[in-house]
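Biologist: I am new to reading protein models. Could you walk me through how the labels on one are decided?

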Amino acid sequence: MTHNGNLRVKAKFEARVPAFYYVPQANDCLVLKEQWIRAKYQRQEFMADGETISPPGNREGFLWKRGRDNAQFLRRRFVLLAREGLLKYYTKEEGKGPKAVISIKDLNATFQTEKIGHPHGLQITYRREGHTRNLFVYHESGKEIVDWFNALRAARLQYLKTAFPELPESELVPLLTRNYLKQGFMEKTGPKQREPFKKRWFTLDSQERRLLYYKNPLDAFEQGQVFLGSNEQGYEVYEDLPKGIRGNRWKAGLTIVTPERRFVLTCPSEKEQQEWLDSLRDVLSHPLTPLNLFTASTESGCSSR
């Protein structure tokens, strides 16, 4: 009886949730859950007898953005041009052109509240000259930052429908934005495996099959990245370190094998080691998609700085 009641409530208050609108899951951050509840029950945005919901389209407003070379957050004007598929931001309110023009094609947005240190912290990433550029932003209003997030998702859906007209909407929605499969500190050695182990922040992007590493979690650019193919292509991950190699402080090791080289890493605990092994094995066990194959052909292996 309770189950039937829940279904009736869901049918009433979620009758017309737009395809681009992100419905939070159990492990999502508080601001997404809170704004989802407010949108459903307080503002009643998705009821069948409400006004027709159209995609957000263009959007303009101010967000607090972390500086690339320092930890200071400064107020910046952002402009989303959905039809053109562009996101711009400006360092000056008047007179000058945009500081950056970002294509929706390569954009991702994910809430990273703990890493950014703000309950409304949003990480926007995009590709620039073969590297991943990270923007860390927030807004004091939970509704405003979630509206920005869903506006970016709507623009992404519009782009994907144009780029892949043969694909149904249900296959495009999972590609709008993505969370990282795993993040955390590990230590790595160099390509000769005789270099000192150095502590780095690692991010596993399972959709793009990339393991990126940074000196610090809030760096604007990665120091290097590993493209992760599939087991069928000879990519493997092994528990422990190669014979004769010892870590620095951390002893729980793992080794990623690619056609180009081995990447030798150590984790701060056996628990972290197992989580990384499980996550990496999950990515390697899946065959590459056509998009992955294109990425692999243009940016295989690892680029490092």
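Modeller: Below, we go through the labels one by one.

Modeller: First, a note on the ground rules: this is a predicted model, in which local features need pLDDT of at least 70 and side-chain atom pairs count only at pLDDT 80 or more, while totals for chains, interfaces and linings use all residues. Residues are numbered from 1 along each chain as its sequence is written, and side-chain values use heavy atoms, with hydrogens and water left out.

Biologist: What makes the strands S1 and S7 a pair?

Modeller: Strands pair if DSSP finds at least two bridges between them. Strand S1 (residues 59-66) and strand S7 (residues 131-138) are joined by 2 bridges, so they meet that rule. They run antiparallel, and tryptophan 64 stands opposite tyrosine 138 in S7. The names come from DSSP runs, numbered from the N terminus: a strand (E) has at least two residues, a helix (H or I) at least four.

Biologist: In what order do the strands of the open sheet come?

Modeller: The 7 strands follow the order S4-S3-S2-S1-S7-S6-S5, with antiparallel pairing. Strand S4 (100-103) and strand S5 (108-111) are called edge strands because each pairs on one side only. In general, strands of a sheet pair through backbone hydrogen bonds.

Biologist: Which helix lies across S1?

Modeller: Helix H4 (residues 142-163) does, and it also lies across S2, S3, S5, S6 and S7. Its angle to S1 is about 115 degrees, where axes are lines fitted to C-alpha atoms (for helices over the stretch in contact, meaning heavy atoms within 4.5 Å) and angles run from 0 to 180 degrees between N-to-C directions.

Biologist: Why is the link between arginine 59 and glutamate 144 called a salt bridge?

Modeller: The rule asks for a side-chain nitrogen of Lys or Arg within 4 Å of a carboxyl oxygen of Asp or Glu. Here the N to O distance is 3.1 Å, so the pair qualifies. Arginine 59 in strand S1 and glutamate 144 in helix H4 are 85 residues apart. By this rule, the count comes to 16 salt bridges.

Biologist: Why is aspartate 205 called buried?

Modeller: Buried means under 20% relative accessible area, exposed means over 50%, and partly exposed is in between (1.4 Å probe, protein chains only). Aspartate 205 has 5% relative accessibility, so it counts as buried. Its salt-bridge partner arginine 178, with closest N and O atoms 2.9 Å apart, is buried too, at 12%.

Biologist: And how do you know whether lysine 182 and glutamate 275 are buried or partly exposed?

Modeller: Lysine 182 has 9%, so it is buried; glutamate 275 has 28%, so it is partly exposed. Their closest N and O atoms are 2.6 Å apart, in a salt bridge. Lysine 182 lies in strand S8 and glutamate 275 in helix H6 (residues 270-285), so the pair ties together parts 93 residues apart in sequence.

Biologist: What makes Val9, Ile37 and Tyr41 a patch?

Modeller: A patch takes residues with over 30% relative accessible area and no salt bridge, joining like charges within 9 Å and nonpolar side chains (Val, Leu, Ile, Met, Phe, Trp, Tyr) within 5 Å. Isoleucine 37, in helix H2 (residues 30-42), has 45% relative accessibility, so it counts as partly exposed. Together, Val9, Ile37 and Tyr41 form a nonpolar patch on the surface with about 250 Å² of accessible area, computed by the Shrake-Rupley method.

Methods. Accessible areas come from the Shrake-Rupley method with a 1.4 Å probe; for residues, only the protein chains shown count as cover.
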